[in-house]
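Work through the following exercises with the sequence and the model at hand, trying each task before reading its solution.

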Amino acid sequence: MQTHLRGRDLITTQEWTKEEIDTLLDVAFDLKRKRALGQPHAYLRDKVLAMLFFFSSTRTRASFEAGMAQLGGHAQFIESTTTQISHGDTAKEIGEILGRYNDGIAIRQCDWQAGNQYIREVAAASRVPVLNMQCDVYHPFQILADMMTIMEKKGNPRGLTINVSYAYASSYQKPISVPQSLILLMTRFGMNVRLVHPPEFRLMPDIVEQAKENARRAHGSFEIMDDFDAGFKGADVIYAKSWGCLLTTSDHQESARISRQYSDWITDERRMALAKEDAIYMHCLPADRNIEVTDGVIDGPQSVVYDEAENRLHVQKAAMALTM
Ligand code: CP
């Protein structure tokens, strides 16, 4: 078990070793148990986390803030629009200054081709750890919660087949950070990862190459498919969600037109029946109900979306307790 994590940033799971990720998950299970038993676990008494949001959130904000309180500390909620960032505060200044007030800085900045760079610039200037609450490239805490949920529901993930698929949505062009982080982490645990999407919805080539290499090293598998139904066949885990065709076009109208061609990419009861009988349905939420997924599936017996959302709390508390 590797425990030397104080002061470490968590921007992508790729920058943590498998043993370090195992430690984080182990601590997350322990903290979940402690909370269930009502055992105090104030490991961060008198510590403060700055939470800087450039983008809306339900789960991420609520779980980080609750998590800091449960660890005996405090979380500052800071919206970029109510700061002086638009009047000139640079990423370096944010890192320097928030790093002097706080014991950790968590950031959500999802702007395409800007978010990850911003978080890294803050991290370079900060004397305290920086935690990525989602950027344009990665969503590490979502995927750590997903792995914890798979372990709870299915045991050892090695050899399980996960279908990481595009699904249609009409609300907005969602970031590609969730599928990218999924293929990066699930391959490291020896899972058989299927990435399923129409040609216009490809992910960043560098991320795909890293996922292939992870699968090779972990003796799992990684394949890319373009047949929505085929992705479900015999799978243990169904994780079908929408993302934008960001590598194809930056034009919103064009991307909406392309997306509409795939409006039949919806997870429904017929498709779930193609997966294993005991397959679980996962989604990071929010979902476009009855567009991305039917009510019958997301509210049905195979859905684990609420346990998945709960586990955000436990993995984030583990990360904060270990790094701050
Ligand atoms: N899954 C997730 O990150 O949810 P929020 O956008 O509501 O934080």
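**Exercise 1.** Determine which residues of helix H9 are buried and how they are arranged about its axis.

*Solution.* In H9, which spans residues 252-260, the buried residues are Ser255, Ile258 and Ser259, where buried means under 20% relative accessible area with a 1.4 Å probe, protein chains only. Seen down the axis of H9, these buried residues fall within an arc of 100°, so they line one face of the helix; the arc is taken from the directions from the helix axis to the C-beta atoms. Strand E5 (161-166) is included in what covers them, helices (H or I, at least four residues) and strands (E, at least two) being DSSP runs numbered from the N terminus. The model is predicted, with local features needing pLDDT of at least 70 and side-chain atom pairs pLDDT 80 or more, whereas totals for chains, interfaces and linings use all residues. Residues are numbered from 1 along each chain as its sequence is written, and side-chain values use heavy atoms, leaving out hydrogens and water.

**Exercise 2.** Locate His197, decide whether it is buried or exposed, and list what it touches.

*Solution.* His197 is found in the loop between strand E6 (192-196) and helix H7 (205-218). Its relative accessibility is 8%, and His197 therefore counts as buried. Leaving aside residues up to four places away in sequence, the residues that His197 touches (heavy atoms within 4.5 Å) include Tyr166, Trp243 and Trp265.

Key
Buried < 20%, exposed > 50% of the residue type's maximum accessible area, 1.4 Å probe, protein only.
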